[in-house]
Amino acid sequence: MDLDPSVLEKDPRSKSGVKETARLNLKQFTASEKGAGDQKSNADAAAPNRRTKSIYTPLELQFLEIKEQNLSVLLCVECGYKYRFFGEDAEIAARELNIFCHVDHNFMTASIPAHRLFVHVRRLVAKGYKVGVVKQTETAALKAAGDNKSAPFTRKLTAIYTKSTLIGEDVNPLLKLDDSVDVEDTTFEVPNNYLLCIYESHRKEKKKQEVTIGLVAVQPTAGDVMIDSFQDSKSRLELESRILRLQPVEILLPTDVSDQTEKLIGSITSTSLRDDDRIRVEKMESQHFEYSCAFELLSEFYRKGSSGTSGSQQLSRIMSLDKPLICCLGAVLKYLQEFHLEKILYGTSNFKQFSSAMEYMNMNGTMLKNLEIFQNQTNGSVKGSLFWVLDHTQTSFGRRLLKKWVSQPLMNTSEICARLDAISEIVFSESSVLAQMYTQLCKLPDLERGVCSIYHKKCSTQEFFLIVTALSRLKTNLQMLLPAIQSKVQSELLRKVLLEIPQLLKPVQRFVKIINENAAKTGDKTQLFADLTDFPMIHKRKEEIQEVLAQLQEHRQDIRLMLKIPSVDYITVSGQEFLIEIKNSKASSVPSDWVKINSTKAVGRFHTPFIVEKYRDLSRLREQLVLDCNTEWLNFLDQFGEHYLTVHKAVGHLATLDCIFSLAKVAKQGGYCRPTVLEDEKQIIIKDGRHPVIDVLMGEQDQYVPNSTELEGDKKRVMIITGPNMGGKSSYIRQVALISIMAQIGSYVPAEEAAVGIVDGIYTRCAHYVLSLITHHVGICFKLLVCLFFSRYLGKPP
C-alpha cells in the first residue's frame, strides 16, 4: 500500500477545511515512537514494525484506506460484537468517552460494545466531532461460499454523523433504550438541528463595498429548508440576527470567508457555556460555492431526482433565485450528499423565505438578546425567556413550530385573529372534542423526525412501526370525531386542521396492514412482511430454505436405519442445529465419515456429510434472505416516501394544534386578556400590563405592580422613562415590547386590556455594563436611549 506521508493536521472540532491535497500520514496513527523514525522514507511505511516485528494487519490496512478518504472523520470500525477506534481516533475517543486506550499491534486502540454504539456516537457528535460508522458488509456463510475465503471481511463507511445530520438507525436512543442505559447517556434533544450555509458576494461601487449574503438553512431531521438573500453592513448585523433566530447547530462556510463574518461567527460560538452547546463550524473548499459549479451540480441533481416536467420546473424555480442563494444551495447539496440526506432538497415548493417584511415583524439580533426572547442573559438558559413562558407544548415537533412562531410574529391581522379565535375557543368551549384531541397529542412520539427518518431510509423497523401505527391510530380516532368537529368546532383554523388531517393520513393505514407487529418490534426483517405477494424475492428465498429443511427432515429416516435407533432425532445445542446425539457407549456404531461437532462425558454430537453440506447451504440461504429482506425493506421505505409531502403536511397540522393548545394554557393563567389587534391604527394602549416573564417567576406572590401604556401615532408618540436605579424602568420598557410581540404571535397578553396596532419592528439599545461605570444622573440620561422604536410610528428604524 503506497501512501504519501504528508498530511494536513487539524483538530476534528475546529473549522475543518477540505484536505484536497492531503494524504494519510501512517506515522500519526501508529503506536511507534516519534523522533529518529520520522526521517524514514516512504518505502519504510509498509515495512515490519520494530516493536511488533509484523507488518500492518489486514484490518489496519482497511482502516488506513478508509481513513485516507475521510481524514476529518472520527471512525468507529465494526469488529464482531464491538466497535473499535484506531490511532489518534482512539486517543480522542478515550479522552471524550472516558474509556481505556491501549496499544494493539501497530496502533493505539479503544473499543465500545456494539449495543452501546448510539450512546457513544451521540456523545462524540455533541462534542463537535464528525463521526463515521464503518460496518462489515459480508457475512460468514456468504464469505465461506465466495472466492475470497482467506481475505478479511469487507468493510465500508456506511454512515457519517454531525450535529445537524444526527438521523439514522445507529443513533436513535428513544427506540433502543433498555434498563442498562442511564438517562444521562442520551443526548438532550435540542429543539432545532439547523445546518446553516453562508455565502458572501462582494461588489465595489463608488469606492464603497457592498456585501450580499446568501443563506440556506436546512434541517434534515425535520424537513425544513429556509432561504434568504440580503444586503448587509460591515458589522454583519443582519446576519447576526438571522443566526440568533435560527440558532443553528452547524454552520457551513467557504474557506475564503471574510474576516468580518468569521469574527462574528467566532463570537457567537464562543458564548456557549459547554462543548455540547457549541456551534460546529465546517469549512468547504471555495470552488464548491462558485456559481458554475453550483449550477452544474444542481442541474444534474434535479434532472436525476425528478422525472419529466417536474424536474425542469423545479430547476427553473431554483435558477430564478439570486446568485448567492444558488451558490449556497450548491454547497449544501454537495455537503448533504456525503450523508445521503440530499433528498430533502427535492421539494423546492416547500422552500420557505426566512424573512419577509410583508409577513413578519423585524426582530434583529440585538433585540433578541436584550428582550431575552429565547434565552436569559444571566446564564444563557431557556428559563426566564419569553419562549419559556409560552412553551407548554406536548410534542417535540410542536415545540419546534412554536419557536418559529415566537421568532416570526405575524403582520397579517387576519392570521393573528385566526390564532386568537382558536385559542379563545379552547379556553371557553365546553366541548369534549378538543379535550380528546389534546389527549391524543400527549401520546405522540416525534412524528416529524420519524417521518423524515423514513423518507431518508435511515429508520429501524421499530421506529417505522412506532411512527406508522401512531399516525394510523390518530387517523382512526379523528375519523370518529369528524361529525362532532363539523358541528361543534367554530374556529376556522381548528376546523381546517382537524378536518384535513384524516384525509392526509389516508395512505398510512395500508403500510400498517403489511407489517408484522412482533417482527417489527424485534427488528426481524425476515419475518417483517405479513403478506409476501408484493415481495417475490423474499417468497422465493423462503421456498428454497423450506426445501433444504425438508431434505434435512427426510434425512432423519436414513440416520435411524443406519444407527438402528428408531427414536433418534435432531437436537440444537448453543445455536448449533441438526446435531445427532449418540451415547459414548454406542460410539462404535457411528460411521467414520461423520463429523464430530462437540461432546460431553456422556455423549457425542455429530453431523453426517449430508447434514454438513445441507447445513452450509441453509446458512448461506438464510444470510442471503437477510440481504434480500434489507433490499426489499429499502424499497418498502421508498414506497412510503412517495407520500412524504402529504404525511409531513399532516404532522405540520398537528404541530399547529399543539402550539394553539400551548398558547391556550398561557391564556388560562390569571390576569391574561385577548388583545385587540388593529390593522390600520398606530397605537399601543395597555391597561395594567405586566412583564410576562417576571410575572411567572414571581408566581403566586402577586407582588408585581402593573403599569399602563398609551402611545398613539397622532397624539402621544414618545414616552421618556426616568427614575432611580432598580426602579423598574427596563422592566417596563421590555414589558411593552414583549406584550406587542405576544399579541402579534397570536397569544393572550398579561394585562387587563390591550389594543395593539401592527408593529413593523422593534429596535433596542441597552448597555447595562456602561451604567455601572457612570454616575446615577448620567445613568438616568442614558436610559433615554433604552427605548423602543416602531418604524410605523417614526417612519424608519433608528
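## Cavities

A cavity here is a set of grid points, taken over the protein atoms alone, where a 1.4 Å probe fits but cannot get out, and its lining residues have an atom within 4 Å of a point. This is a predicted model, and the count comes to 3 cavities of 30 Å³ or more. The largest cavity holds about 100 Å³ of space.

Which residues line the largest cavity? They are Asn 192, Tyr 194, Met 226, Arg 245, Leu 246, Phe 354, Lys 403, Lys 404, Ser 407 and Gln 408. Sorted by class, this lining has 4 nonpolar, 3 polar and 3 charged residues. Helix H5 (237-246) and helix H12 (396-407) are the elements that give two or more residues to the lining. H12 gives the most, with 3 residues.

Let's turn to the packing of nonpolar side chains. In soluble globular proteins, such side chains tend to be buried together. In this model the largest nonpolar core has 170 residues, and those with the most contacts inside it are Leu 345, Ile 373, Phe 464, Phe 529 and Ile 741. Helix H22 (residues 644-667) supplies the largest share of this core, 14 residues. Apart from this core lies another, of 24 residues, with Tyr 83, Ala 90, Ile 112 and Val 131 among them.

What does Phe 464 touch, leaving aside its neighbours within four places in sequence? Its contacts are Ile 454, Cys 459, Phe 511, Ile 515, Trp 633, Phe 636, Leu 637 and Phe 640.

## Helix H3 and its cover

Helix H3 (residues 117-126) is mostly covered, with 9 of its 10 residues buried. The buried residues are Leu 117, Phe 118, Val 119, His 120, Val 121, Arg 122, Leu 124, Val 125 and Ala 126.

Where does the cover come from? For the buried residues of H3 it includes helix H2 (87-97) along with strands S1 (74-79), S2 (82-86), S4 (107-113), S5 (131-136) and S6 (155-161). Just after H3, Gly 128 takes a positive phi of about 105 degrees.

## Pro 58 in helix H1

Pro 58 is found in helix H1 (residues 58-69). Is Pro 58 buried, exposed or partly exposed? Pro 58 counts as partly exposed because its relative accessible area is 47%, where buried means under 20% and exposed over 50%.

Terms used: Residues numbered from 1 in each chain as written. Predicted model: local features only at pLDDT ≥ 70, side-chain atom pairs only at ≥ 80, totals over all residues. Heavy atoms only, no water. Core = buried A, V, L, I, M, F, W, Y, C linked by side-chain atoms within 4.5 Å. Buried < 20%, exposed > 50% of the residue type's maximum accessible area, 1.4 Å probe, protein only. Helix = DSSP H or I, 4+ residues; strand = E, 2+ residues; numbered from the N terminus. Contact = heavy atoms within 4.5 Å. 1 Å grid on protein atoms, 1.4 Å probe; cavity = no way out; pocket = protein on both sides within 12 Å on 5 of 7 lines; lining within 4 Å. Points joined across faces, edges and corners; volume = space filled by probe spheres on them. Nonpolar A, V, L, I, M, F, W, Y, C, P; charged D, E, K, R; others polar.
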